[in-house]
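Me: I am new to reading protein structures. Can you take me through one, feature by feature?

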Amino acid sequence: MIMRDVAIVGVGMSKFGERWSSGLKDLMAEAGIAALEDANISSHEIEMLYGSTMASGRFVGQEHTAALMADQLGFHNIPAVRLENACASGGSALRQGYIAVASGIHDIVVVGGVEKMTDVTSGEASTALGGAGDQEWELFQGITFPGLYALMAKRHMYEYGTTEEQMASVSVKNHDNASKNQYAQFRRAITIDDVMRSKMVSDPLKLLDCSPISDGAAVAVLVPLEKAKKYNDTPIKIVASAQASDTLRLAERDSLTEIKATKIAAQNAYKQAKLEAKDIDVVEVHDCFSIAEILAMEDLGFYKKGKAAKAIADGETTLNSKLSVNTSGGLKGCGHPVGATGIKQAAEIVWQLRGDAKERQVKNAEVGMTHNVGGSGATAVVHIYKRAD
Amino acid sequence: MERSSSSLWRKIRSRYDLVGNECKNCGSNYFPPRVVCRKCGRKSKMVEKKFAGDGEIYSITRIRVPPDTFKDEAPYFIGVIKLKEGPMVEGHVLENGIEPKIGTKVRLRFRKMYVEGDEGLIYYQYKFEPV
């Protein structure tokens, strides 16, 4: 039961990328202060913090990151809880913040995600990310995350005739959007040929099918809708918050060509919002790999199974086409600091619905969605948003 | 990450002999073994079951950028294998001249998995070989 409506009144992001001169605390502060300024709220008004990092212990040796974030942002002595749900940590933290406000327990809640990934070698980063799968039976055998998504891609190609060029078109579109985003890691366009000629990582996925290793943070401020106008003229209402889980181990799932947790979370979210897929104007989906965006477009109900790859390659999901997908540049173009991604997605949708997305603005965007996945699909979080002014 | 020998030892029957389990309440087969049946939850009645190791490739990839533990092994094939008894299991697929692709039949082999540094443990486990 939802006790009261919840709105986002402030969002902030750090620049995503290889931030050699910035540490975990710098990134937290950069995004956190931007969000507080956006909400026109003081540090002392915040009542609770949910902080998300996936593997800060392995990346920088720092645990206890939510209390650290509260400390760094001057939220004196408030309760702070770290939330870890692999790459869906950010979306999960957002949902917990939503529940805290909706329940009436807290009025003003900050949700903040951060990851500092470039202080370790790529091999160490790959091992840290591997912990999002089944450590004993996947990572132990040297199965990497590109490997897991490659196994899904190969089966999708086998069952539906999906091609490597169609997968490449996801990365091309997302780089094009990223080129218009000041916060994005890669502000440059790429071509299908660039993707096809990039180094093979795990057959059929090539380097440019994969989201990068990134540093970054994103923060959002949540309040009850009835108080939202005090902080922001265009509050964005969260009209659905849904989450589902599945087996950690990929091979144990019912299917390799869908992410069932996404389907369940999406169905619940549409029901809560009393909306259908066709009502969504702009969506941020979890494109950790090109194939993942194809799966997401099908599992979220935008396309029938096996039909999304061609539609994306035909340009149906580019900016201001049939459905604008990953206007931020997605994980591929904007970057993927894992603990921050879910909240970055929410920030992008807030900007889109307010009409503040500048060069990448979707015309007449009224309803937005975010979709955040953990691991190879063991967690999926879906939120739907609307303007509330 | 260097592991204690007990982390390997406690799984040795599964890793060496493909011992999984079966739920006597619903008949589901599991490899790797589960403590609790996914279908039956609290009503699970799990008993050991050894799998033959015969199956076919359900999906396949070749990993070229490995985690540090496998840096001397890459590139290597990883498959999702559908065992003839039902369970789907991820594992290494050996190169023996037969192209491993979806539908290729495989059988069980026992091989070295990796060596932990110069003085650490040597891990062994099942792998699959195309037939």
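Me: How many residues does helix α6 of chain A have, and what span does it reach from its first C-alpha to its last?

Reply: Some ground rules come before that. This is a predicted model: local features need pLDDT of at least 70, side-chain atom pairs count only at pLDDT 80 or more, and totals for chains, interfaces and linings use all residues. Residues are numbered from 1 along each chain as its sequence is written, while chains are lettered from A and ligands numbered from 1 in the order in which they are written.

Now the general idea. Helices (H or I, at least four residues) and strands (E, at least two) are DSSP runs, numbered from the N terminus. The expected span of a helix is 1.5 Å times one less than its number of residues. Here, α6(A) covers residues 145-160, which is 16 residues. Its span is 22 Å, close to the expected 22 Å. Just after α6(A), G161(A) takes a positive phi of about 75°.

Me: Why is α6(A) described as largely enclosed?

Reply: Start with burial. A residue is buried if 20 or more other C-beta atoms lie within 10 Å of its own, exposed if 12 or fewer, and partly exposed in between; C-beta atoms are placed from the backbone. In α6(A), 13 of the 16 residues are buried, so the rest of the structure largely encloses this helix.

Me: How many residues of chain A are in contact with chain B?

Reply: Two residues are in contact if their C-beta atoms, placed from the backbone, lie within 7 Å. By that rule, 28 residues of chain A are in contact with 26 residues of chain B. On the chain A side, α6(A) gives the most, with seven residues. For classes, Ala, Val, Leu, Ile, Met, Phe, Trp, Tyr, Cys and Pro count as nonpolar, Asp, Glu, Lys and Arg as charged, and the others, Gly among them, as polar. The chain A side has twelve nonpolar, nine polar and seven charged residues.

Me: At what angle do the axes of α4 and α13 of chain A cross?

Reply: Axes are lines fitted to C-alpha atoms, for helices over the stretch in contact, and angles run from 0 to 180 degrees between N-to-C directions. Angles under 35 degrees count as roughly parallel, over 145 as roughly antiparallel, 65 to 115 as roughly perpendicular and the rest as oblique. The axes of α4(A) (residues 89-102) and α13(A) (residues 338-354) come within 5 Å and cross at roughly 55°. That makes α4(A) oblique to α13(A). Their contact has six nonpolar, seven polar and no charged residues.

Me: What does chain B consist of?

Reply: Chain B has two helices and eight strands. From the N terminus on, they run α-α-β-β-β-β-β-β-β-β. Of its 131 residues, 36% count as buried.

Me: In which sense do β5 and β6 of chain B pair?

Reply: Two strands pair if DSSP finds at least two bridges between them. Strand β5(B) (residues 76-83) and β6(B) pair in the antiparallel sense over six bridges. One bridge joins V80(B) to E90(B). The hairpin has four residues between the strands, and G86(B) takes a positive phi near 125° there. In β6(B) (residues 88-93), five of the six residues are buried.

Me: Is N96(B) buried or exposed?

Reply: N96(B) counts as exposed, because it has 10 C-beta neighbours inside 10 Å. N96(B) lies in the loop between β6 and β7 of chain B. Leaving aside neighbours within four places in sequence, N96(B) is in contact with E129(B) and P130(B).
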